[in-house]
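Open the model in your viewer and keep the selection tool at hand. Each stop below says what to select and what is there.

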Amino acid sequence: MRDLVPDVGRIAVLRANSLGDFVFALPALESLRAAYPDAELVLLGAPWHARWLTGRPGPVDRVLVVPPGDGIRPAEPDEPPVGAVRERFDLAIQLHGGGANSNPIVAALGARVTAGLRAPGAPPLDRWIRYVYHQPEVFRYLEVVELVGAAPVTTTPRLGATPAEMAEARAVAGRPTRPRVALHPGATDPRRRWPVERFAAVADALAGGGFEVVATGTPGEREVVAGLVAAARKPVRPLVGALSLGGLVGLYAECAALVANDTGPLHVAAALGTPTVGIYTPSNYINGATPWRARHRPIASWIIHCPVCGVDLSHPGSGDCPHRVSMVTAVTVGEVLEAVLDVTGPRATAPAANGVGRGSAR
């Protein structure tokens with residue numbers, strides 16, 4: 001580990017991508033905060049970071065929105081123009097991937113010391129480590145902040161729901177009167193989506209065992225959630241577009257479990273301490289699955305070839321294809337249901353009576 005950088009008053013951290021990506025960076029941000037307790041820690045992020053994190057307890061003091069760009073972040077709908085970052089920093093850290101697009105942004109800040117990741121072909125920073133794709137994300141970013149003397153203070157992302165977030169969730173969904181399980185069937189990449197019919201089978205089994213079942217999703221996932229609700233034989237309450245990100249945090253904080261594809265909401269729930277059952281492709285299982293098993297059950301679908309054309313998709317550089325079909329169909333309803341009952345405790349024995357037995361692929 002390198003020495004601390006002296007006389008640091010302001011630190012910039014570039015991490016402008018998605019929700020799950022931010023959660024993975026939390027232990028690194030906590031470690032920076034512990035190593036530089038008197039410095040202002042500024043996240044260079046997206047508009048949604050500013051909306052959610054402003055005034056929220058955590059290691060980040062302030063969010064500075066960076067312009068959208070290739071390899072940095074997409075523009076949000078109706079987003080006003082954002083200018084380049086003009087502020088000056090003592091220390092600038094890149095936690096945003098291999099560095100081809102992000103390292104020039106960090107270097108342009110003019111900080112006394114820059115540090116981050118570097119893939120082949122990316123420009124270097126003052127202090128850098130090689131970007132290797134298959135590595136747990138949390139540890140990837142902890143290694144980066146060690147370059148500036150920030151020893152790990154935790155390896156577990158942690159979040160807490162604020163009173164306002166709890167109030168919003170209860171205003172929309174009410175307080176749970178029985179164990180509530182949330183299902184999140186969406187994912188940005190269709191290859192990471194477990195079939196909605198299988199989510200529906202899990203919903204029916206859990207509802208039959210005494211659980212309240214709700215389905216969450218972004219406005220863009222409305223159709224996926226509607227498909228789950230339509231396929232279920234028992235009531236599933238859809239909550240698409242009904243909650244802000246903060247409200248979703250409040251909802252998950254009171255859930256007995258979340259069942260989800262590999263998405264940001266899955267990692268938020270885990271950081272809240274809510275039990276989770278996550279469905280993963282092999283690479284994302286390696287990089288993103290929590291290592292803890294008392295409350296979490298990541299389940300991998302060990303399919304690495306496109307089911308349509310057979311191209312190897314196990315690594316970003318191994319190949320690509322135009323097909324966006326599910327790569328997680330090897331995960332069965334029985335596996336998921338068994339995992340849910342395991343992490344929620346011995347509260348229901350009826351679900352298997354619905355014909356969803358251990359190992360069933362229905």
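This is a predicted model: local features need pLDDT of at least 70, side-chain atom pairs count only at pLDDT 80 or more; totals for chains, interfaces and linings use all residues.

Residues are numbered from 1 along each chain as its sequence is written, and side-chain values use heavy atoms, with hydrogens and water left out.

**Stop 1: the sheet**

Select the six strands that form an open sheet, in the order S9-S8-S7-S10-S11-S12. Their pairing is parallel. Strands here are DSSP runs (E, at least two residues), as are helices (H or I, at least four), numbered from the N terminus. Two strands pair if DSSP finds at least two bridges between them. At the edges are S9 (237-240) and S12 (296-300), each of which pairs on one side only. Neighbouring strands of this sheet are turned by 20° against each other on average, direction ignored. Angles run from 0 to 180 degrees between N-to-C directions, and axes are lines fitted to C-alpha atoms, for helices over the stretch in contact.

Now pick S8 (residues 212-217). S8 and S9 pair in the parallel sense over four bridges. Find glycine 217: valine 240 in S9 stands opposite.

**Stop 2: helix H6 on the sheet**

Select H6 (residues 196-208). H6 packs on the sheet, touching S7 (180-184), S8, S10 (257-261) and S11 (276-280). Contact means heavy atoms within 4.5 Å. The direction of H6 makes about 175° with that of S7.

**Stop 3: the helix partners of H6**

H6 and H7 pack at an angle of about 50°, with their axes 8 Å apart. They are therefore oblique to each other (under 35 degrees is roughly parallel, over 145 roughly antiparallel, 65 to 115 roughly perpendicular and the rest oblique). Show Val196, Phe199 and Ala200 of H6 with Val224, Gly227, Leu228 and Ala231 of H7: these make the contact. They divide into six nonpolar, one polar and no charged. Ala, Val, Leu, Ile, Met, Phe, Trp, Tyr, Cys and Pro count as nonpolar, Asp, Glu, Lys and Arg as charged, and the others, Gly among them, as polar.

H6 and H11 pack at an angle of about 40°, with their axes 10 Å apart. That makes H6 oblique to H11. Residues of this contact include Arg198 and Ala201 of H6 and Val333 and Val336 of H11. The contact residues divide into nine nonpolar, no polar and one charged.

**Stop 4: helix H4 and its cover**

How many of the ten residues of H4 (residues 137-146) are buried? Seven are, and H4 is mostly covered. Buried means under 20% relative accessible area, exposed over 50%, partly exposed in between (1.4 Å probe, protein chains only). The buried residues include Tyr141 and Leu142. Their cover includes H1 (19-35), S4 (91-94), S5 (113-118), S6 (127-130) and H10 (282-288).

Select S5 and S6. They run parallel, joined by four bridges. Leucine 117 stands opposite isoleucine 129 in S6. In S6, Arg127 and Ile129 form a covered face, Trp128 and Arg130 an uncovered one. In a regular strand the side chains alternate between the two faces of the sheet.

**Stop 5**

Aspartate 7 has a positive phi of about 55°, although not a glycine. Aspartate 7 lies in the segment before S1 (10-14) and is exposed, with a relative accessible area of 70%.

End at aspartate 78, in the loop between S3 (62-65) and S4. Phi there is near 60°, again positive in a residue other than glycine. Aspartate 78 is exposed, with a relative accessible area of 80%.
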